[in-house]
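Try each task before you read its solution.

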Amino acid sequence: MLTRHFPLVIVLVIVALALLLPWLMPWTYDQIDWDAVRAPAFSGSHIFGTDEIGRDRLARLAAGTRITLMVAIAAALVSLIVGIAWGATAGWVGGRVDEVMMRIVDGLYALPFMFIVILLMVVFGRSILLVFVGIGLVEWLTMARVVRGQVMALKQRPFILAAEAAGTPPITILWKHILPNIAGVALAYLMLTVPQVVMVESFLSFLGLGVQEPLTSLGILVKEGADDMDMTPLGLLLPGAVLVVLLVCLTVEGERLRDRFS
Amino acid sequence: MSLYEIRDLAVDIAGNRLVDKVSLAVDAGQCTAIIGASGSGKSLTCLTPFGLTPGVASGLIRLDGIDLASADVGQLSDARRKLAGFVFQQPLTALTPHLTVGAQLQEATMQAGSARPTRAELVRQLERVGLSRPDERLDQFPHRLSGGERQRVMIAAAIAHGPRLLIADEPTSALDASLRAEIMTLLDQLRAEQGLAMLLVSHDLASVEGHADQLVVMDKGRVVESGPAADIIANPAEEYTRRLIAATPRLDEPAPELSQPGDILLGTRDVAVEFQRPGWRRGRISAVVDASITVRQGESLALVGGSGSGKSTLGRAIAGIGPVTQGKILWQASALPQRRNRTLEMRRSIQPVFQDPVASLDPQWTVIDIVTEPLRNLRPDLDRAECNDSARQALSDVDLPEEFLTRMPASLSGGQAQRVAIARAMIASPQLLVLDEATSALDPLVGAEILALLARLQRENGLSLLFITHDIAAARRLCHRIAVMDDGCIVETGDIQAVIDHPRHPATQRLVAAS
């Protein structure tokens, strides 16, 4: 388990650190230490030093990881629920309903997603809710397609016909026969959606469209680090490394799950 | 000396010895057939010497004087390319979907190092395997061809480079009975014309009988019996061979004793089923046209036809799990509505059993949940304990021990899974079972057991059966009457023995001749 799933173990360690560090550290992510602005690493109680206005780097890194993962998991769950509901309905009902629903999915795929999000930000102002909406808008599309395909394949299987002959009502067939049989594939795609959302959220934040100061996320930290990298490269390297490790590990684990179930 | 000879062949995969002490020989112009149930190691025996399985072969393997067991990779691939040709079971998956028939034939011809064939040569190759309009076929893709046509193309490709040995691994198992006979006749013809040696693998004794010169019967990776085919079939020496021969239905075996049928239970009157063409395309496809059949109380009706004749569609319409476009389905005197409009009482009287036993059980459910599913819906008056008691009874009715109740479908063999499916169909005490090719996917021994089980259930419960199949000999073991379907129409009905003795319609004649 430890050696075979070590990417998963690394992800869990990062999550645990992000959750536990605020309890263990004397500094919070928005607290300014006026005596130690731009402190180097290992100075006093600041393990990785402080940024250009004196906030503890480690505390901010933990907070950023928390926000990024929170957005990612929430958006992935939303995409899971919407995607399964949409895809299962289209696949189960079939015919014209299926055609119309899947053309809507195709249409949404074709929208320039970044442009829409920037437009929303300009009109409604920056908020974490809009980040959710923007990301949720695109990430369920793949899930809906995958689930629809699975449901259409399952619908032809004799055990579904046997259930119909046994008098099982359609809703029960969907709930008890179809959904349990697509759960594995859906879970695998959920694992693959999380790193995608991390990526999108970080990108939005890097552009300055994500969460608002003093709240932070990995994307914002990378941006701040990049602005300041000629002075202290640590500010870019730390969040960058966490981001890369998270993405790689989640993707490896997700691909492995997908191979197992499909 | 034989062209191809195997002595004391053993095949190991990952340290497990799956085939042991197998010896056989094939002479030029002769056919040797290996017969055995699935998992008996017959395909491993044929394909491993040519490096086509993950197994490791040891023993003496000699093809045209070359020792394949000690051959290096180059010699092996030489033997594979030049001396041997292969025909596989699934004609669709064995042809490359994105290459035209002509391109695949060209590749097959050039594999032995000969020059690029001209178009006229390719046309001749297709003519040789009896394909109509060969010039047009060369530019078609495999999905445009029917199953029988694809298998002819496979055979043309397998002999295109002039091999000495043709290895055919279940060449007819995916085809229906009349096509099966056509392909076997073609293989016989080619063998005689070209002096090919043929090694044939099949699970079905009936399909090789009359075509094979030598017979090798295999079970559990070992040879049970081998010798001239006619001798073995006439005088089997081993118990296993005797059981295999007894299990294979034939038209000349004594007629079974069947119970006397009662009143008319089910009738269809001019039932038609049409399907919308897929996608946005306009137009409809007629699967069943004006079909009228009757089934009496305690009677078995065989619904026989080739693949694509509409027999399954009609069966599904009757079982209430498929659409009906026109016509009426009558149950005793009242009309049955279609699909979801049927009441639970109507559902209880008709239950289906399907061809693929593994796919007809939900892989996520335990056997007890699968078997009690109809009861939970159709008999809301029963509580949980009564349901479980019925499940135990149903399982013992199909000769399965009680500990199967907690098993998952993945841990069942094909025959056990089919028994579970029959238990599920029987648990709500139906009056009519619709059996859609219920024995076709099973090995002959297992299929014969399921046929005997169905006959017993019918006798004991006064059950009516609609037995949908392409195998007229299997139907004869169980059925009183027969209805033959061709191209969506019922073309002939009558007493099964009378129809077999005097088939009138060409489709019936083809089916009878093929059995």
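A crossing of two helices is left-handed if the near helix is turned anticlockwise from the far one by less than a right angle, and right-handed if clockwise. This is a predicted model, where local features need pLDDT of at least 70, side-chain atom pairs count only at pLDDT 80 or more, and totals for chains, interfaces and linings use all residues. Residues are numbered from 1 along each chain as its sequence is written, while chains are lettered from A and ligands numbered from 1 in the order in which they are written.

**Exercise 1.** Describe how α16(B) and α17(B) cross, and list the residues that make the contact.

*Step 1.* Find α16 (residues 414-426) and α17 (residues 444-461), both in chain B. Helices (H or I, at least four residues) and strands (E, at least two) are DSSP runs, numbered from the N terminus.

*Step 2.* Get the geometry: the two axes come within 10 Å and cross at roughly 20 degrees. That makes α16(B) roughly parallel to α17(B) (under 35 degrees counts as roughly parallel, over 145 as roughly antiparallel, 65 to 115 as roughly perpendicular and the rest as oblique). Axes here are lines fitted to C-alpha atoms, for helices over the stretch in contact, with angles from 0 to 180 degrees between N-to-C directions.

*Step 3.* Check the hand: the crossing of α16(B) and α17(B) is right-handed.

*Step 4.* Pick out the contact (C-beta atoms, placed from the backbone, within 7 Å). From α16(B) come Gly414(B), Gly415(B), Gln418(B), Ile422(B) and Met426(B), and from α17(B) come Val446(B), Glu449(B), Ile450(B), Leu453(B) and Leu457(B).

**Exercise 2.** Work out the strand order of the open 6-stranded sheet in chain B, and find its edges.

*Step 1.* Trace the order: β6-β7-β8-β3-β9-β10, with mixed pairing. Two strands pair if DSSP finds at least two bridges between them.

*Step 2.* Spot the edges: β6 (84-87) and β10 (222-228) of chain B each pair on one side only.

*Step 3.* Zoom in on β3 (residues 31-35) and β9 (residues 214-219) of chain B, which run parallel over 4 bridges. Here Ile34(B) sits opposite Val216(B) of β9(B).

**Exercise 3.** Which helix of chain A gives the largest share of the side that touches chain B?

*Step 1.* Count both sides: 14 residues from chain A and 20 from chain B.

*Step 2.* Assign helices: α6 (158-165) and α7 (170-206) of chain A each supply at least two residues to chain A's side. The largest share, 7 residues, is from α6(A).

Methods: Contact = placed C-beta atoms within 7 Å.
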